[in-house]
Amino acid sequence: MIKIAIMVHNLKMDVYDGMRFAAEKGCQGVHLACVQGINPRDMDAAGRKELVRFVKGLGLEISAICAWGGQVDLGNPENLDKHIEEGKRLLEFAADLECGIWQGHCGIMPHDKTDPKWARFVDSFGQLAKHGEKVGARLAIETGPEPPEVMLDMINEVGSSSLAVNYDPANLILWPARYQLQDGGTYDREKAFAEYKPVEGVKVLGKHIIHTHAKDAMVIDNKTRMEVPLGTGWIDWPKYVENLKSVGYDGYFAIEREVGADPVGDITRAIEFLQTL
């Protein structure tokens, strides 16, 4: 059976009501964004324990916490020490919430290892991973900006089990489309799929995948990239699930729906779709 979680803040309702909604819909988990009220700064030890009790009382688990949606670049020296310290607090938060996974975007890794940004990423991830090993939590880097092989090279160079992957197949459509469409370009699906491997990249990253987003996407008329309701885009979901099983994945499928006028309806239909798989 697929374990289903919801990115609760996507529901556009009170976070605690959103967790109740997840339980009512038969989900097994919730994916919690570090927003006002639920983050390392706002929750002391007692508050963290109470949150865990609340989630467990609904018969749920926290699949992961979500922070850094694109605001931080660990390859950029500006404010880097501050970001690394913030990342350490996020790892501690994930450990305290008993999920042990912090999912986040951490900047765009260069494809060329001679680029000075590469070494900064290796050092930054290394510091975070070392702290993750200490506190019992892992950073799951979100896929998208880089082909799977680039991310694998980074993980191998850092060499820590505390640095892992949150695989978002839709991002591996949306990001290369963003690159191809800039400056008036057009989208080349064959070229983009060959390099970024939205579904087959699972076999590249394999054992490093510890969390996945259930999100879908497509490109309209080779010029408009879109996140679309789950099951209506270009991701071959039966194949994606099969590939994940083949590499031993047994974690959560966390539904993410960042756009759309009917988030509750779209997420409800996404739950029902995943249950068919």
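## Strands β1 and β10

Strand β1 (residues 3-7) and strand β10 (residues 252-255) run parallel, joined by four bridges. Across from Ile4 stands Phe253 of β10. This is a predicted model.

## The barrel

Eight strands form a barrel, in the order β1-β2-β3-β4-β5-β6-β7-β10. Their pairing is parallel. From one strand to the next, the twist averages 30°.

Helix α4 (residues 116-135) lies across β4 (101-104), β5 (138-142) and β6 (163-167). Its direction is at about 140° to β5.

## Helices α1 and α2

Two packed helices are described by the angle between their axes and the distance between the axes. Take helix α1 (residues 15-24) and helix α2 (residues 45-57): their axes come within 10 Å and cross at roughly 30°. Angles under 35 degrees count as roughly parallel, so α1 is roughly parallel to α2.

Which residues of α1 meet α2? They are Tyr16, Met19 and Arg20. On the α2 side, the partners are Leu51, Phe54 and Val55. By class, this contact has five nonpolar residues, one charged residue and no polar ones.

## Gly184

Gly184 sits in a loop, between α6 (171-181) and α7 (189-196). Is Gly184 buried or exposed? Its relative accessibility is 68%, so Gly184 counts as exposed; the cut-off is over 50%.

Now set Gly184 against Gly37. In sequence, Gly184 and Gly37 are 147 residues apart. In space, they are 42 Å apart, C-alpha to C-alpha.

Conventions: Residues numbered from 1 in each chain as written. Predicted model: local features only at pLDDT ≥ 70, side-chain atom pairs only at ≥ 80, totals over all residues. Heavy atoms only, no water. Axes fitted to C-alpha atoms, helices over the stretch in contact; angles between N-to-C directions. Helix = DSSP H or I, 4+ residues; strand = E, 2+ residues; numbered from the N terminus. Parallel < 35°, antiparallel > 145°, perpendicular 65-115°, else oblique. Contact = heavy atoms within 4.5 Å. Nonpolar A, V, L, I, M, F, W, Y, C, P; charged D, E, K, R; others polar. Buried < 20%, exposed > 50% of the residue type's maximum accessible area, 1.4 Å probe, protein only. Pairing = 2+ DSSP bridges.
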